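Here is a short briefing to read alongside the model.

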Amino acid sequence: MSLPPLPYGRQEVLEEDVAEVVACLRDDFLTQGPRVARFEEALCEVAGARHAVAVANGTAALHLAVLALGLGPGDTGIVPAITFVASANCLRYAGADVAFADVDARDGLLDLEHLEDTLRALTDRGRAPRLVVPVHLAGQPVDMPAVRAIASRYGAFVLEDAAHALGATYEADSTVHAVGGCAHSDAAIFSFHPVKHITTGEGGAVLTNDSRLYGRLMDLRTHGIHKDPDRLTRPPEDPFVGPWYYEQDALGFNYRITDLQCALGTSQLRRLKGNIARRREIASLYDSALGEAPLHGRISPLRRHDGRQSAHHLYVVQVIRRDGEALADLARRRRSLYDHLHEKDIRVQVHYIPVHWQPYHRSRVGDLQLPGADGYYAASLSLPMFHSMTVADAERVVDALREWAVRTA
Ligand SMILES: *Cc1c(COP(=O)(O)O)cnc(C)c1O
């Protein structure tokens with residue numbers, strides 16, 4: 001008897017979500033209606049930010065944030081080498097250059113020392129770094145107060161790629177901060193792709209506390225068009241001006257999200273707390289198994305940091321490197337674990353291939369030596385982790401891991 005395939009991530013859509021979407025279909029607005037603002041308000045409440053701009057997807061959110069922060073040709077932004085390619089591509093869309101910072105091989109998060117070295121090297125070469133894009137990989141927050149302090153020394157903005165971290169928190173100055181509250185950044189983005197914590201099919205959002213940035217994001221989402229009487233270049237008494245009149249003063253896009261999508265998103269957001277709690281439960285189950293024979297010393301979870309509560313978007317394990325083991329041999333053992341799990345229809349994934357390895361980016365930045373990213377990549381594998389997963393599903397994964405560990409001892 002073969003068990004059904006177990007993906008690494010999967011959305012959960014309940015009847016209550018369906019009902020909200022159907023109600024929207026029967027209403028007046030499919031797009032540009034009241035459900036968009038309602039979803040944005042709900043996001044602000046969850047994350048503790050003043051403003052949210054919901055858009056077509058997380059990549060569009062990154063693109064708009066980079067543009068709204070004013071980056072363009074001649075500017076450089078710094079991105080960790082381990083992330084989804086969109087974190088880097090958003091800079092290129094704006095014509096800016098990407099510099100890659102290394103990550104810690106044990107948690108995949110920005111290596112702060114290397115970040116500072118990169119900022120200094122760019123500054124010394126007269127290429128002012130304008131932006132740092134920390135990525136809360138797998139859902140664990142980066143040390144945001146430290147990132148903010150380092151970026152500020154070099155006059156750089158901070159844009160959090162929080163696609164993995166809706167619902168994550170961190171402590172700083174005896175306060176618990178929700179990721180997306182932008183306490184230590186200029187803006188943060190989320191994605192609502194079906195593998196993320198909540199879904200709108202495709203969707204994303206930019207959060208910020210900066211009202212000027214918010215205004216620019218709102219304009220750029222809709223073609224760069226506005227009707228703000230204070231900014232119109234023609235006076236209201238002009239006979240060619242009327243209630244219909246608008247002006248386009250920047251080159252914007254149609255990056256809107258629909259009311260249908262926001263109906264789904266608002267409904268899903270109501271279950272975020274339970275979603276995170278279930279993920280935490282699955283994570284503890286994996287943690288305990290990895291702390292015992294035969295897995296202990298063979299496969300480890302990512303390093304966790306005190307005072308930071310992961311949103312557990314991914315549960316990444318690492319095959320532990322043997323003393324003196326070549327990276328290629330470590331990568332071969334990771335492959336054997338990947339194959340073993342796939343044979344059992346447990347569809348683990350690898351997050352992520354170092355972005356500077358991608359031919360597009362390599363052709364621009366050359367061959368970089370980023371040992372943290374290389375070490376992280378060779379060892380890592382994402383186990384199944386999603387809201388609707390059962391304890392039995394997680395035990396099935398653990399059994400398969402144990403089998404591999406015993407067979408390859
Ligand atoms: C999913 C994701 C994105 C892009 O989001 P889309 O909604 O798929 O465009 C960006 N960065 C990271 C780290 C992601 O995981």
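A polar contact here is a pair of N or O atoms within 3.5 Å. With that cut-off in mind, a backbone N or O atom of Gly 58 lies 2.7 Å from an oxygen atom of the ligand. Do keep in mind that this is a predicted model.

**The ligand and its surroundings**

- The ligand sits in the largest pocket, and helix 3 (58-68) and helix 4 (86-93) are the elements that give two or more residues to the shell around the ligand.
- In total, 14 residues surround the ligand, and the closest are Gly 58, Thr 59, Asp 161, Ser 191 and Lys 196.
- Sorted by class, this shell holds eight polar, four nonpolar and two charged residues.

- Of the 380 Å² of accessible area that the ligand has on its own, the protein covers 92%.

- Strands of a sheet pair through backbone hydrogen bonds, either parallel or antiparallel.
- In this open sheet the three strands follow the order 8-7-14, and the pairing is antiparallel.
- Strand 8 (175-178) and strand 14 (308-309) are the edge strands, each pairing on one side only.
- Strand 7 (residues 169-172) is joined to strand 8 by four bridges and to strand 14 by two bridges.
- Which residues partner Tyr 170 on its two neighbouring strands? Arg 308 stands opposite Tyr 170 in strand 14, while His 177 is the bridge partner of Tyr 170 in strand 8.

**The turn of the hairpin**

- Strand 7 and strand 8 form a hairpin with two residues between them.
- Asp 173 in the turn has a positive phi of about 50°.
- Ser 174 lies in the loop between strand 7 and strand 8, and has a positive phi near 55° although Ser 174 is not a glycine.

**Cis peptide bonds**

- Ala 293 and Pro 294 are joined by a cis peptide bond, with omega of about 0°. Pro 294 has its place in the loop between helix 9 (272-290) and strand 13 (299-301).
- The peptide bond from His 351 to Tyr 352 is cis as well, with omega near 0°. Tyr 352 lies in the loop between strand 16 (346-347) and helix 11 (359-365).

Key. Residues numbered from 1 in each chain as written. Predicted model: local features only at pLDDT ≥ 70, side-chain atom pairs only at ≥ 80, totals over all residues. Heavy atoms only, no water. Near = heavy atom within 4 Å. Polar contact = N/O pair within 3.5 Å; in protein donor to acceptor, adjacent residues only side chain to side chain. Areas by Shrake-Rupley, 256 points an atom, 1.4 Å probe, with all protein chains shown as cover. 1 Å grid on protein atoms, 1.4 Å probe; cavity = no way out; pocket = protein on both sides within 12 Å on 5 of 7 lines; lining within 4 Å. Sits in = over half its atoms within 2 Å of the grid points. Nonpolar A, V, L, I, M, F, W, Y, C, P; charged D, E, K, R; others polar. Pairing = 2+ DSSP bridges.
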